Amino acid sequence: MPTLEKDFLTLNLRLQHLEECVLRTSDSKNVKAFDLETALEENPSSLLTRVEELEEKLRKELSQKKYLVDFLQKFESLKDLLEVNQLELERNLLTPAAKTEIILGSENELSKLANTLSDIESLEKFINPPAFQNVNQFEPTLKALGKVHIEQTELIEQLNSRVTNMLDVYNNTVNTLSEIFISWDSLLSVLEAKVSSLERMKAM
């Protein structure tokens, strides 16, 4: 099965599971996906129905108990301060004198940081030398050299192939001549032996 189909199948199964958890109970009938009215009628104890019941109870409690409404109103007004980043909150609440004291207390660390940044700046010429700044202008030359290199590589491969073929021919020729010379040497040895035998017979 293709990966995309597997992803769609997995997504559908997860959606079905979510609907099962929210819209239905364990003993409920099958309900069409996202058919909320049918789900609420056939599943009075589903999570969705229970949430609506809890919202209704909360509204009643708020209407009867004014201190809850006051709390929520105060919470909304202070929500930004409660949810703000702690570091940002401290930065806004600190007085200029407190900020000055913190800076003076961090003088040694700030001096070390300044020295480190200075050392990095002095070493930048080695990390990023000026010669590298104009490297883009050499790109056409590098492309031309790359093309020449490819052509030369192909030529070298052709020459290597030709030399290899010539060596094969040379070796075959040398082997053939060696076999011929060996055959001639054997034939001459036989003839010399016969000539010597005939000369001995005449001398007798």
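Me: Where does helix 7 bend, and by how much?
Reply: At E121, by about 25°. That is the angle between axes fitted to the seven residues ending there and the seven starting there. This is a predicted model: local features need pLDDT of at least 70, side-chain atom pairs count only at pLDDT 80 or more, and totals for chains, interfaces and linings use all residues. Residues are numbered from 1 along each chain as its sequence is written, and side-chain values use heavy atoms, without hydrogens and water.

Me: How do helix 6 and helix 7 cross?
Reply: At roughly 60°, with axes coming within 5 Å. Axes are lines fitted to C-alpha atoms over the stretch in contact, and angles run from 0 to 180 degrees between N-to-C directions.

Me: Which residues make the contact?
Reply: I103, L104 and G105 of helix 6 and E107, E109 and L110 of helix 7. Contact means heavy atoms within 4.5 Å.

Me: New topic. How many helices and strands in the chain?
Reply: Eight helices and zero strands. These are DSSP runs (H or I, at least four residues; E, at least two), numbered from the N terminus.

Me: How much is buried?
Reply: 6% of the 204 residues, meaning under 20% relative accessible area with a 1.4 Å probe, protein chains only.

Note on methods: Buried means under 20% relative accessible area, exposed over 50%, partly exposed in between (1.4 Å probe, protein chains only).
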